[in-house]
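The sequence and structure come next.

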Amino acid sequence: MQKRGRNWRKSCLEMEPLDYGSGMDQNAMMETDELIAVDMSDRAVPGSSISKRKAHEFNNANPRGIAHRAFSVFIFNNKNELLVTQRALSKITFPGVWTNSCCSHPLQGMSPDEVDDGVKSFPDFPGVKHAAVRKLRHELGIQSSEVPHSCFRFITKFHYWAADTITYGREAPWGEHEIDYVLFAKCEGDGPTLNINPDEVEDYKFVTAEELKKMMDDSSLLWSPWFIGIMENGGFEWWSDLDEALKAAGSRYCNRDIIFFDPPKEHMGSYNNPSHGRDTGVLTG
């Protein structure tokens, strides 16, 4: 791939949401996406500028990469069915795994601004929701008129990490280490109009909770470790009480917690060991 100059990099960082991803492949976005490094309390680390590539590199020196802010969107239709997606086989990290509707990162340098104060912005988190609108359009072709910014409901945050050993083996050079915001949104009718980006999404379907459980029991299907962790730590409960979870204010599920979980053993690389703590890979201000 031809090397780009600083001006091209700067122009990518200042893109409007409608332009995001235009003319870029997975490798280009690895280099140009500037993530938000966070501390254990989900505060943005001052002066930290990390590329998507740097944040997701796992090795002996950085056995859990660098902790950064992310979001997981759950889209429901009027039958309370959940949109689940399979990540494209061409994705660099966790290709081909099934997961929630959309998973990605708020970025620095975007307009509208996607950088929230991880403590003071509770429970609105407008920046993360702007990022969700951007990525729903980029990955699934969902227009903001069908899933607007005001439609999203923040539930909670999860802090997790996982090496992509299923794809690359025990020496996996890639992984995830995120403080992940869970966002729920419900749409009218059978769900929003989809125009799938094949570079991002391989397959998709709307499912009931029982259908999802059967899919998750199917050994022929791969699942993202973050989705498994979310569903095992409240996801099915929130789904079963969706009206409460989707309250504009006062939902009993909406909280300030940051729930930590380690990945399944199959997502631990050769460089991960018991001496590593929750703060491994977490920057400080």
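In which helix is the place of Lys135? Lys135 lies in helix α4; helices (H or I, at least four residues) and strands (E, at least two) are DSSP runs, numbered from the N terminus. This is a predicted model, in which local features need pLDDT of at least 70 and side-chain atom pairs count only at pLDDT 80 or more, while totals for chains, interfaces and linings use all residues. Residues are numbered from 1 along each chain as its sequence is written, and side-chain values use heavy atoms, with hydrogens and water left out.

**Lys135**
- Lys135 counts as buried because its relative accessibility is 3% (buried means under 20% relative accessible area, exposed over 50%, partly exposed in between, with a 1.4 Å probe and protein chains only).
- Leaving aside residues up to four places away in sequence, Lys135 touches Tyr20, Phe71, Cys102, Ser104, Leu140 and Glu200 (contact means heavy atoms within 4.5 Å).

**Largest cavity**
- The structure holds four cavities of 30 Å³ or more; a cavity is a set of points, on a 1 Å grid over the protein atoms alone, where a 1.4 Å probe fits but cannot get out, and lining residues have an atom within 4 Å of a point.
- The largest cavity has about 130 Å³ of space, a volume being the space filled by probe spheres set on grid points that are joined across faces, edges and corners.
- Its lining has 18 residues, and Arg87, Cys103, Ser104, His105 and Glu176 lie nearest the centre.
- Two or more lining residues come from each of α3 (52–56), β3 (68–76), β6 (102–104), α4 (126–140) and β8 (175–186), and β8 gives the most, with three.
- Four lining residues are nonpolar, five polar and nine charged (Ala, Val, Leu, Ile, Met, Phe, Trp, Tyr, Cys and Pro count as nonpolar, Asp, Glu, Lys and Arg as charged, and the others, Gly among them, as polar).

**Second largest cavity**
- About 70 Å³ of space lies in the second largest cavity.
- Residues lining the second largest cavity include Arg87, Lys91, Cys103, Glu139 and Glu200.
- β4 (82–87) and β6 each supply at least two residues of this lining, with β4 giving the most, three.
- The lining of the second largest cavity divides into three nonpolar, four polar and four charged residues.

**Helix α7**
- The 16 residues of helix α7 (residues 225–240) should span 22 Å at 1.5 Å a residue, and the end C-alpha atoms are 21 Å apart, which agrees; the expected span is 1.5 Å times one less than the number of residues.
- A kink of about 65° in α7 is centred on Glu232 (the bend at a residue is the angle between axes fitted to the seven residues ending there and the seven starting there).
- Among the buried residues of α7 are Trp226, Phe227, Trp238 and Trp239.

Methods:
1 Å grid on protein atoms, 1.4 Å probe; cavity = no way out; pocket = protein on both sides within 12 Å on 5 of 7 lines; lining within 4 Å.
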